[in-house]
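Please look over the structure below before reading on.

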Amino acid sequence: IALGWNQETCQVKEKFGGLRFYINAGSDEIHDRITEAERLSYETCEETGQPGKLRTDLGWFVTLCDDAYKTRLEKKQSKTN
């Protein structure tokens, strides 16, 4: 907002384990900040906010810390047993 963004958002979503944030208009600096946030989303656990990494072996792409990943993996394994 301090960079001049008018707060209009087209779409915010998760795709392939990372953030997608779309706006109608903004300066190059605003778009650079969005790109950086999207990049950081692949390093931030979507459940805890702790450092995480992209996981692709759960049936979908998700970015999780080790603890959240372990919990999800255990749930997945218990459903298949």
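The side chains of Glu-29 and Arg-33 meet in a salt bridge, with 3.9 Å from N to O. The model is a predicted one, and this pair is a plain place to begin. A salt bridge here needs a side-chain nitrogen of Lys or Arg within 4 Å of a carboxyl oxygen of Asp or Glu, so the pair at 3.9 Å counts. Why can these two side chains be partners? Both residues lie in helix α1, which covers residues 28–40, and because they are four residues apart they are separated by about one helical turn. Glu-29 is partly exposed, at 43% relative accessibility. Arg-33 has a relative accessible area of 53% and is exposed.

Further along helix α1 there is another pair. Arg-39 forms a salt bridge with Glu-36, and their closest N and O atoms are 2.7 Å apart. These residues are three places apart in helix α1, so about one helical turn separates them. Glu-36 counts as partly exposed because its relative accessibility is 36%, and Arg-39 is also partly exposed, at 40%.

Which other residue forms a salt bridge with Arg-39? The partner is Glu-43, and the closest N and O atoms are 2.7 Å apart. Glu-43 has a relative accessibility of 39%, which means that it counts as partly exposed. Through these shared partners, Glu-36, Arg-39 and Glu-43 are joined into one network of salt bridges. How many salt bridges are there by this rule? The count comes to six.

Thr-63 is found in strand β4, made of residues 62–64. Is Thr-63 buried or exposed? Its relative accessibility is 1%, so Thr-63 counts as buried.

Together with Phe-16 and Phe-61, Leu-54 makes a nonpolar surface patch of about 280 Å². Phe-61 is found in the loop between β3, residues 53–55, and β4. At 38% relative accessibility, Phe-61 counts as partly exposed. A residue needs over 30% relative accessible area to belong to a patch, so Phe-61 passes that cut-off.

How many disulfides does a search of the whole structure find? The search finds zero. Cys-45 is in no disulfide, and the nearest cysteine sulfur, that of Cys-65, is 3.8 Å away. Cys-45 is buried, because its relative accessible area is 3%. Cys-10, by contrast, counts as partly exposed, at 46% relative accessibility.

Notes. Residues are numbered from 1 along each chain as its sequence is written. This is a predicted model: local features need pLDDT of at least 70, side-chain atom pairs count only at pLDDT 80 or more; totals for chains, interfaces and linings use all residues. Side-chain values use heavy atoms; hydrogens and water are left out. Helices (H or I, at least four residues) and strands (E, at least two) are DSSP runs, numbered from the N terminus. Buried means under 20% relative accessible area, exposed over 50%, partly exposed in between (1.4 Å probe, protein chains only). Patches are made of residues with over 30% relative accessible area and no salt bridge: like charges are joined within 9 Å, nonpolar side chains (Val, Leu, Ile, Met, Phe, Trp, Tyr) within 5 Å. Accessible areas come from the Shrake-Rupley method with a 1.4 Å probe; for residues, only the protein chains shown count as cover. A disulfide is a pair of cysteine sulfur atoms within 2.5 Å.
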